[in-house]
Amino acid sequence: MASERMREEGQVRVRDVVEALDRISGGRMVKDWNEVTSGANPYVVTKTSHIPGKSVIEIPGLVFGDRDKPVRRIGVGMTLTESMIELASGMELDLIVVHHPVAEAANSGGVPFADYLPLYKLALIEMHEAFHGLHPGLTLLHGHRKQKTDIAFGGLPGNILHKGVTLEGIATAGALLARIREWMGHGIDRELLAAERVIRGEPTLQEATLANPALLLAGRPEQPAREVLHFFPHTGFSMAHLEQALALYPETDTLIASISRVRPDHPFVAFARERGLNFIVGNPHSVEILENGLPLAYALEELLPQTDIFLLRERMTAVGVGEIGHRRMVEYGREMAREHLLAASPRAVHV
C-alpha cells in the first residue's frame with residue numbers, strides 16, 4: 001500500500017497524490033493511459049461546442065509531470081491560469097491539483113505546458129467530473145439536503161440535477177436566500193472591496209463574487225420553500241430538462257440555479273413565475289473554490305499529513321479604464337496605444 005511505502009520512505013510522491021485522489025473519488029481517477037484510449041473510464045469526457053480546434057478532453061489524473069516526483073507542497077485550485085502558475089512558483093509548490101480540465105496554452109499563458117511548468121518544477125493534476133457528486137456541501141450551503149443526484153440528467157454527461165428538501169429552520173425563500181449570503185461571508189468581501197476602492201483610488205471597482213450575488217428572481221421572500229430542484233445552467237441544462245425534472249418531481253416549489261447564472265429575463269425565470277415557483281440564483285462560479293476546493297483540500301490534508309496543502313483562490317476585479325488609479329501605468333498604457341497600436345506606421349517590436 002502507498003501509505004506503508006510512504007512511512008518507509010518518509011516521502012510523498014506524485015503517484016501517492018493520485019492514489020489519494022482515487023480514494024477520495026471512489027476509484028474515478030485515471031491510473032493507466034489505456035483508460036483514456038479504450039474509453040473504459042466514464043469520467044474521461046470530451047467537452048466541445050463544435051468550434052474547430054477548441055474541444056478539450058477531461059482526464060481526471062496526472063496531466064503533466066513525473067509520477068515519481070517528490071511532493072512536499074500542494075496547491076488546490078479551481079481553474080488553472082498563468083496567475084496561479086506564478087503564485088505556485090513564488091510559493092515553491094511542487095504540485096497543483098485543479099478542479100476544471102486544463103488545455104495547452106489556454107490555461108498556461110498562451111504557451112505549452114512543457115515550456116512553462118518545468119521552469120517551476122510543477123506537476124499538474126485535474127479532476128472535474130470525477131469529483132462531482134462526492135459530497136453534499138454545495139447543496140447544504142444552498143439551504144437544502146439532497147435526496148437524489150443525477151450527474152448526467154437527460155443522458156448528458158456533467159448535467160447535474162439535485163433533488164432536495166430545505167434544512168430544518170428554513171421554511172421560506174427569504175430564509176433560504178439569507179443562509180446562502182451568511183455562509184459565504186459576503187460581509188467580508190464587501191469590506192475588502194470597499195477598502196480596495198479607497199486604496200487604489202478606483203471608486204467603481206467591481207469584484208466577481210459581489211457582482212453576482214444570490215438573488216430571488218421569482219416568488220416572494222415569504223413564500224414557502226420546501227421541495228427543491230437544484231441545477232447548473234452552464235452544464236447544458238435546458239427548458240426541456242426543467243420540464244422533465246418537474247414531471248419527475250411535481251412536488252417542487254423552489255428552483256435553484258447556481259455556479260452559473262441566468263438573468264431575470266431568462267425563460268427559466270418566466271416559467272417559474274407562471275408555475276408559482278420560487279427561483280433563486282445562488283452562488284456564482286467564482287466561489288466554487290470554497291464549495292468544492294476546500295473540502296478536497298482538507299481531505300488531502302487528512303490523507304497526506306506529510307505535505308503542506310494550500311488553497312489557491314483567485315480574485316477577479318474590473319474597473320473602467322477611465323478610472324484606473326495608478327497614474328504611471330495609465331501613462332504607459334496610453335503611450336503604447338497612441339505611439340504603437342494606433343500609429344499610422346506601427347512600431348511593432350517582436351519578442
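These are legends for a few close-up views of a predicted model. Residues are numbered from 1 along each chain as its sequence is written, side-chain values use heavy atoms with hydrogens and water left out, and local features need pLDDT of at least 70. Side-chain atom pairs count only at pLDDT 80 or more, while totals for chains, interfaces and linings use all residues.

View 1. Helices (H or I, at least four residues) and strands (E, at least two) are DSSP runs, numbered from the N terminus. Along its principal axes, the C-alpha trace spans about 60 × 60 × 40 Å. Buried residues make up 44% of the 351; buried means under 20% relative accessible area, exposed over 50%, and partly exposed in between (1.4 Å probe, protein chains only).

**View 2. An open sheet of five strands, in the order E4-E8-E7-E6-E16.** Pairing here is mixed; two strands pair if DSSP finds at least two bridges between them. E4 (61-64) and E16 (308-311) stand at the edges with a single partner strand each, so one side of each has no neighbour in the sheet. On average, neighbouring strands are turned by 25 degrees against each other, direction ignored. E6 (residues 73-77) and E16 run parallel and are joined by four bridges, and Arg 73 has Asp 308 as its bridge partner in E16.

**View 3. Helices H2 and H12 against the strands.** H2 lies across E4, E6, E7 (95-98) and E8 (123-126), at about 10 degrees to E8. H12 (residues 288-303) lies across E6, E7 and E16, at about 175 degrees to E16. Axes are lines fitted to C-alpha atoms, for helices over the stretch in contact, and angles run from 0 to 180 degrees between N-to-C directions. Zoom in on H2 (residues 14-24) and you'll find Asp 16, buried at 3% relative accessibility. A polar atom of the Asp 16 side chain lies 2.8 Å from the backbone nitrogen of Arg 13.

**View 4. Helix H11 (residues 267-275) and its buried residues.** These are Phe 268, Val 269, Phe 271 and Ala 272. Seen down the H11 axis they fall within an arc of 160 degrees, so they line one face of the helix; the arc is that of the directions from the helix axis to the C-beta atoms. On the other side, Arg 273 and Glu 274 are exposed. The buried set packs against E12 (215-218), E13 (227-231), H10 (239-248), E14 (254-259) and E15 (278-284).

**View 5. Thr 252, in the loop between H10 and E14.** Thr 252 counts as buried, at 6% relative accessibility. A polar atom of its side chain sits 2.7 Å from the backbone oxygen of Tyr 249. Neighbours within four places in sequence aside, Thr 252 is in contact with Glu 227, Leu 229, Leu 246 and Leu 277; contact means heavy atoms within 4.5 Å.

How values were computed. Polar contact = N/O pair within 3.5 Å; in protein donor to acceptor, adjacent residues only side chain to side chain.
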